[in-house]
Amino acid sequence: MISWGGLILLVVLAIVNPTLCAIYLLLVCTTTLIKAVGVAFHMIRGSRRLTAAQKINWRARLDELEDVQEDISFKKRSKDFFDARHQDVLERIGIAPDTFPKPASIYNAVILPMYNEAFEVLDGTVESIVDGAHDNSRMIVVIAYEERGGAEAKQTAERIAKKYSKSFFACLAVEHPKDLPDEVIGKGGNITHSGRYLQHWLDEKGIPYQDVLVTTLDSDNRPHKQYFCYVTYEYI
């Protein structure tokens, strides 16, 4: 009603009172301009913060969170957003270390949904995870392939799982059955099925859910080398 009413009102005012129509049109244009400036401001701000974050060694900062001294304190405060925030994090952990999880206790699970992508595409994605700055012994990779992808999709997924079985804590090939009842065909159903499989797998391994962070990647994604370190840091 608001969307169509706004357009209809413009036509009505043009017929009834052109002056009010002009004022109304100017208000719409001014609002749109302000919104555009706001979007641009936040984009520039976010871009600068992203660039600054990529320069930080998040693996080293994770290591600092592993064993924080209870009497830790900082006399100097950095003006840099990430440095000042890191100092605050260290102080908070130092005050109550038992309320924060240890980095070494956290697992990162990655769900890679695929349909009929080539082995080379999927292999490049998994290889980029291997080359990251994180601890691969705490990584769980799930290759979620579709039964409707045929024998070739299954062969590709199992080939990847076998190739990287020793590179991570676990590398699993999980088949998403076709024609499940009450399910919409698509990537979302595949990811959900693999998520449920992962849940049962964690139960069997005795790994608490709160110690596992789950990331979904497309088969051709290449995560930043420090992505999983940063995600773990933010979670802690």
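Is the crossing of α3 and α4 left-handed or right-handed?

Modeller: The model is predicted, so local features need pLDDT of at least 70 and side-chain atom pairs count only at pLDDT 80 or more, while totals for chains, interfaces and linings use all residues. Residues are numbered from 1 along each chain as its sequence is written, and side-chain values use heavy atoms, with hydrogens and water left out.

The crossing of α3 and α4 is right-handed (the near helix is turned clockwise from the far one by less than a right angle). Helix α3 covers residues 58-66 and helix α4 covers residues 81-95, and their axes come within 10 Å and cross at roughly 20° (axes are fitted to C-alpha atoms over the stretch in contact, and angles run from 0 to 180 degrees between N-to-C directions; helices are DSSP runs of H or I with at least four residues, strands runs of E with at least two). That angle makes α3 roughly parallel to α4 (under 35 degrees). On the α3 side the contact is made by W58, R61, E64 and L65, and on the α4 side by F82, D83, H86, V89, L90 and I93 (heavy atoms within 4.5 Å). Sorted by class, this contact holds 6 nonpolar, 1 polar and 3 charged residues (Asp, Glu, Lys and Arg count as charged, Ala, Val, Leu, Ile, Met, Phe, Trp, Tyr, Cys and Pro as nonpolar, the others as polar).

Another helix pair can be described in the same terms. The axes of α5 and α6 lie 10 Å apart, with a packing angle of about 30°, and α5 passes α6 in a right-handed crossing. Here F119, L122, D123 and V126 of α5 meet T156, R159, I160 and K163 of α6, which by class gives 4 nonpolar, 1 polar and 3 charged residues.

Beyond its neighbours within four places in sequence, I143 is in contact with L112, M114, L122, V126, A157, I160, L172, A173 and V174.

N190, in helix α7 (residues 187-205), counts as buried because its relative accessibility is 2% (buried is under 20%, exposed over 50%, partly exposed in between, with a 1.4 Å probe and protein chains only). Leaving out residues up to four places away in sequence, N190 touches P113, M114, A144, Y145, E146 and H176.

The loop between β3 (170-176) and α7 holds D179, and D182 is also placed in the loop between β3 and α7. D179 is not a glycine, yet has a positive phi of about 60°; D182, likewise not a glycine, has a positive phi of about 60°. D179 counts as exposed because its relative accessibility is 60%, and D182 counts as exposed at 86%.

Finally, Q54 belongs to helix α2 (residues 18-54) and is partly exposed, with a relative accessible area of 40%. Although Q54 and K225 are 171 residues apart in sequence, their C-alpha atoms are 9.4 Å apart in space. Setting aside residues up to four places away in sequence, Q54 touches H224 and Q226.

Key. Angles under 35 degrees count as roughly parallel, over 145 as roughly antiparallel, 65 to 115 as roughly perpendicular and the rest as oblique.
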